[in-house]
Amino acid sequence: MWDDLSADLEWNLMVQKKGIIALAHSDPELAAMRMMSDSQRRAGIKIEMLSPAEIKKKVPSIDISDKPALPIFGAQFHPEGGTVHHDAAVWGYAQGASRYGVDICVGVEVTGINIDAEKVTGVETNVGSIAAGKVHVAVGGYSSEIGRMIGIRFPVETYAMQVMTTDVMKPFLDYYVASPRLHFYTQQTLKGDLILGGPLDHWQSWNSYATWEESADRASRIVEYFPDLAHVRVVRSWSGICDCTGDSPPISGQP
Ligand SMILES: Cc1cc2nc3c(=O)[nH]c(=O)nc-3n(C[C@H](O)[C@H](O)[C@H](O)COP(=O)(O)OP(=O)(O)OC[C@H]3O[C@@H](n4cnc5c(N)ncnc54)[C@H](O)[C@@H]3O)c2cc1C
């Protein structure tokens, strides 16, 4: 989809197929990755397994020694995986929708949903009512808030996810490197800063701030594998919210 989307939307989404390396830290993890790779290959996805030496060749700054508490045993490599600039994707979709006649009301908050005889008739907003025969809810982590407006409890929970960026640096990392086991990922953006990502917070919230504990924990994990980053400054950290089901898969079906 991403190959053609910039052209379809007539907007540069800054798609970068830099390649994704998912690290394994034990033999059982490697075995699980091999099994997953086999089924992904059968689905036509290009996936390779890498040894520690092959990882080091692609990512010279990574520590493949036994110094980290959980050394690197190997990795799954998805050469066509990569990143898309999130703002560009939102703007591209917004422009495309606009071209098809969608009115986008920026800064307008839905405060209620109008229902008559068990049928939706429209929404209330902070600038007035909008009549509608159908209402599609696409509010990410705020889904349960919208559910509450009509007395429905969606089986989703909201968690914040924190992220940090570093100073802009010379080219340092060509790939997107993640550790599913240790819940961290890092990649260097086109601008040159590193994104340092991690797990969802362990408690539910609608927070938009970052915590010292999570930032310190993430920085120390990443520095363990990229010791050269020890003196790099973190310049910004923040969080956003994610809607999650209890066991993670999406919920689909007819109402
Ligand atoms: C820190 C962080 C890092 C992430 N990194 C990645 C990543 O690397 N890769 C990836 O694929 N995904 C990532 N995600 C997840 C990704 O951002 C979400 O899956 C995606 O944004 C969900 O899109 P959405 O359109 O469903 O919801 P959102 O992007 O959350 O948009 C929902 C919109 O609804 C609006 N809204 C809410 N309530 C109302 C209301 N009452 N009235 C009107 N508008 C309302 C909100 O203001 C918001 O603009 C990350 C998320 C976070 C927080």
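Helices here are DSSP runs of H or I with at least four residues, strands are runs of E with at least two, and each kind is numbered from the N terminus. The model shown is predicted.

**View 1. Overall layout of the protein.**
Six helices and 11 strands make up the secondary structure of the protein. Along the principal axes, the C-alpha atoms fill a box of roughly 65 × 40 × 35 Å. The protein has 255 residues, of which 20% count as buried. Where contacts link residues at least 6 apart in sequence, 65% of them join residues at least 24 apart.

**View 2. Helix α1 at residues 2-9 and the residue that follows.**
Glu-10 comes after α1 and has a positive phi, near 55°.

Strand β3 spans residues 74-78 and is mostly covered, since four of its five residues are buried. β1 (residues 20-24) pairs with β3 in the antiparallel sense, over five bridges. In that pairing, Ile-21 has Phe-77 of β3 as its bridge partner. β2 (residues 48-50) also pairs with β3 in the antiparallel sense, here over three bridges. Leu-50 stands opposite Ala-75 in β3.

**View 3. Helix α4 and the glycine just after it.**
Helix α4 runs over residues 86-99, which makes 14 residues. From first C-alpha to last, α4 reaches 20 Å, close to the 20 Å expected at 1.5 Å a residue. Just after α4 comes Gly-101, with a positive phi of about 95°.

**View 4. The hairpin of β4 and β5.**
Strands β4 (residues 110-116) and β5 (residues 119-125) pair in the antiparallel sense over six bridges. Asp-116 has Lys-119 of β5 as its bridge partner. Two residues lie between the strands of this hairpin. Ala-117 sits in the loop between β4 and β5 and has a positive phi of about 50° although it is not a glycine. Glu-118 lies in the loop between β4 and β5; its phi is also positive, at about 65°, and Glu-118 is not a glycine. Ala-117 counts as exposed because it has 5 C-beta neighbours inside 10 Å. Glu-118, with 5 C-beta neighbours inside 10 Å, counts as exposed as well. The cut-off for exposed is 12 or fewer such neighbours.

**View 5. The shell of residues around the ligand.**
The residues around the ligand are Glu-109, Val-110, Ala-138, Val-139, Gly-140, Gly-141, Tyr-142, Met-161, Val-163, Ser-239, Gly-240 and Cys-242. β11 gives the most, with three residues. By residue type, the shell divides into seven nonpolar, four polar and one charged.

**View 6. Helix α6 and its buried face.**
Helix α6 takes in residues 212-225, 14 residues in number, and reaches 21 Å from its first C-alpha to its last. This span is close to the 20 Å expected at 1.5 Å a residue. Glu-214, Arg-218, Ala-219, Arg-221, Ile-222 and Tyr-225 are the buried residues of α6. Down the axis of α6 these residues fall within an arc of 165°, so they line one face of the helix. The exposed residues Trp-212, Glu-213, Ala-216 and Ser-220 are on the other side of α6. The cover over the buried residues of α6 includes β7, β9 (184-188), β10 (194-204) and β11.

**View 7. Arg-233 in the loop between α6 and β11.**
The loop between α6 and β11 holds Arg-233. Arg-233 counts as exposed because it has 8 C-beta neighbours inside 10 Å. Leaving aside neighbours within four places in sequence, Arg-233 is in contact with Thr-166 and Asp-167. Thr-165 is 68 residues from Arg-233 in sequence, and the two are 8.6 Å apart in space, C-alpha to C-alpha.

Definitions and conventions:
Residues are numbered from 1 along each chain as its sequence is written. This is a predicted model: local features need pLDDT of at least 70, side-chain atom pairs count only at pLDDT 80 or more; totals for chains, interfaces and linings use all residues. A residue is near a molecule or strand if its C-beta atom, placed from the backbone, lies within 6 Å of it. Ala, Val, Leu, Ile, Met, Phe, Trp, Tyr, Cys and Pro count as nonpolar, Asp, Glu, Lys and Arg as charged, and the others, Gly among them, as polar. The expected span of a helix is 1.5 Å times one less than its number of residues. The arc is that of the directions from the helix axis to the C-beta atoms. Two residues are in contact if their C-beta atoms, placed from the backbone, lie within 7 Å. Two strands pair if DSSP finds at least two bridges between them.
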